[in-house]
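Here's a friendly walk through one model. Have a look at it first, then read on.

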Amino acid sequence: MVPLHWYLWLGSLMFCIGMAGFLIRRNIIIMFLCIELMLNGVNVNLVALSHYMQDLRGQVLTLMVIAVAAAEAAVGLAIVIALFRNRPTVHVDEITEMKG
Amino acid sequence: MVEIIFGYFAITILIISLLVVTSRNPVHSVLWMLLLFFHVAGIYLLLNAEFLAATQIIVYAGAILVLFLFTIMLLDLREEMQIQRFTRGWPAGLLISTGVLIVLITGLKGFKTTFVGQWDIKEIEEATHTKALGKVLFTEYLLPFEIASLVLLIAILGAVVLAKKKLKT
């Protein structure tokens, strides 16, 4: 039997690697991938807690997270395409039009 | 035995997630992510969540990553790959995420599960996981389920509106 804390540590590590990637990368597509990585870390934690607490609520919540992740990927990539049409770059440092 | 399988999945997941974050080519990142989603599905199987493992593979690996690949192939990224990978302030980002990691790990040290629900593993195995999850989802959590479908509908509309070319008047 694997202790619960191993799963929680794995989820936290995934979340923090995703967070680091989101903060240090410049490519907007990889930043979206890092958000997916963070959501997956949260999902691992939710499913582990749901299993060890013998309750299915965590897994229901995981399904909601997956639905929201799909929605976020669709809208985010549509924004990337709209952005790329106006200026051909995916580097977030060069996108400064919204600056006041 | 289970510990060894968990160790394999965990170490592979961590190595792959580092590769996703650091690889230069976005296509390589997406393909590493594909491998990572399969390993996360393996973790779900270890936790007796078969339906979620299937959902993980179908939705994440089958739909979301294909969307990512399509977007990358629509954009011409050959020049982008030559430019430096990381932002100038990357040590700050690393510092912040390490700090969050330390906070999470120390916070988890004293964590104990005191709450015990009614769905123990025998009951789930008796009813099969999909049926048990569906029973909870469609009775207790029907409203959040409907809201999730609404979120997906709005996302479809938003994606179409955003990615559409402006009509010339």
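## Helices in chain B

A quick definition to start: helices are DSSP runs of H or I with at least four residues, while strands are runs of E with at least two. This is a predicted model, so keep that in mind as you go. On that basis, chain B has seven helices and zero strands. Follow chain B along its sequence and the pattern reads α-α-α-α-α-α-α.

How spread out is chain B? Its radius of gyration is 21 Å, well over the 15 Å that the globule rule gives for 169 residues, so chain B is more spread out than a compact globule. The C-alpha trace of chain B spans about 60 × 45 × 30 Å along its principal axes.

Of the 169 residues in chain B, 34% are buried. Take the contacts in chain B with a separation of 6 or more: 62% of them are between residues 24 or more positions apart.

As for charges, chain B has 13 positive and 11 negative ones, and their mean positions lie 15 Å apart.

## A stop at Phe15(A)

Over in chain A, Phe15(A) sits in helix H1, which covers residues 4-24.

Which residues does Phe15(A) touch? Leaving out residues up to four places away in sequence, they are Met38(A), Gly41(A), Val42(A) and, from chain B, Leu104(B). Val2(A) is 13 residues from Phe15(A) along the chain, and their C-alpha atoms are separated by 20 Å.

Definitions and conventions. Residues numbered from 1 in each chain as written. Chains lettered and ligands numbered in written order. Predicted model: local features only at pLDDT ≥ 70, side-chain atom pairs only at ≥ 80, totals over all residues. Heavy atoms only, no water. Rg over C-alpha atoms; globule rule 2.2 N^0.38 Å. Buried < 20%, exposed > 50% of the residue type's maximum accessible area, 1.4 Å probe, protein only. Contact = heavy atoms within 4.5 Å. Lys, Arg positive; Asp, Glu negative; His and termini not counted. Charge placed at Lys NZ, Arg CZ, Asp CG, Glu CD.
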